[in-house]
Amino acid sequence: MTADKIKIRYKLDKLKKKLADCESQIAREQKNKSAEQKEMEHIEDIDFMNILSSAFNKYMHYYVELEKKSIADVLDDIRKNEQWICPIDNIPNEARYAGIDDLL
C-alpha cells in the first residue's frame, strides 16, 4: 500500500468512528425524550400554500373590478384619441399609437 492509500483509509476509519458516535448520540437522545416531545414530532406540518392569498379572496373582486375599469379607460382613451387615417406628413419616424405606453 502506498502512503496516500494509508491516509485515505485512516480518514475513512476516522469518519466511520465519528458517524458511529453520532448515531449512538441520536439513539441516546431518542431514548431520553419525553412523551410530549415524541408527540410533537408526529404533529403534521402546517401547509402554508395559499394561506396568505386566501385571506384576500373576499376582497379580490374589488381589485379585479378596478383593474378592468383601468384597462377599459385606457382603451377608451386610445379609441377616442387615435387617428387611424392621417396625412403622410404627420406620421412620426417611430410609428406609435397614442396611449400605447399607458396600456403597457
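Confidence in the chain is lowest in helix 5 (residues 100-103), at a mean of 56, and highest in helix 4 (residues 60-81), at 92. These values are pLDDT, the predictor's confidence in each residue, on a scale from 0 to 100. Over the chain, the mean pLDDT is 80, and 72% of the residues reach 70 or more. Where pLDDT is low, the predicted coordinates should not be read in detail. The model is predicted, so local features need pLDDT of at least 70 and side-chain atom pairs count only at pLDDT 80 or more, while totals for chains, interfaces and linings use all residues. Residues are numbered from 1 along each chain as its sequence is written, and side-chain values use heavy atoms, with hydrogens and water left out.

The overall architecture comes next. The chain contains five helices and zero strands, and its pattern along the sequence reads α-α-α-α-α. Helices here are DSSP runs of H or I with at least four residues, strands are runs of E with at least two, and both are numbered from the N terminus. Of the 104 residues in the chain, 3% are buried. Buried means under 20% relative accessible area, exposed means over 50%, and partly exposed lies in between (1.4 Å probe, protein chains only). The accessible surface of the chain is about 10600 Å², and carbon and sulfur atoms account for 58% of that area. Such areas come from the Shrake-Rupley method with a 1.4 Å probe; for residues, only the protein chains shown count as cover.

Side chains of opposite charge can pair when their charged atoms come close. The structure holds four salt bridges, each being a side-chain nitrogen of Lys or Arg within 4 Å of a carboxyl oxygen of Asp or Glu. In helix 1, lysine 17 and aspartate 21 are four residues apart, which means that about one helical turn separates them. The closest N and O atoms of this salt bridge are 3.6 Å apart. Lysine 17 is exposed, at 55% relative accessibility, whereas aspartate 21 is partly exposed, at 40%.

Aspartate 73 is partly exposed, with a relative accessible area of 42%. Aspartate 76 pairs with arginine 79, their closest N and O atoms being 3.3 Å apart. These two residues are three positions apart in helix 4, so about one helical turn lies between them. Aspartate 76 is partly exposed at 28%, and arginine 79 is exposed at 60%. Through salt bridges that share partners, Asp76, Arg79 and Lys80 are joined into one network.

Two surface patches complete the picture. Patches are made of residues with over 30% relative accessible area and no salt bridge, like charges being joined within 9 Å and nonpolar side chains (Val, Leu, Ile, Met, Phe, Trp, Tyr) within 5 Å. Lys7, Lys11, Lys14 and Lys18 form a positive patch. Lys and Arg count as positive and Asp and Glu as negative, with His and the chain ends not counted; the place of a charge is NZ of Lys, CZ of Arg, CG of Asp or CD of Glu. Lysine 11 belongs to helix 1 (residues 3-32) and is exposed, at 57%. A nonpolar patch consists of Phe56, Tyr59, Met60, Tyr62, Tyr63, Val64 and Leu66, which together have about 750 Å² of accessible area. Leucine 66 sits in helix 4 and is partly exposed, at 48% relative accessibility.
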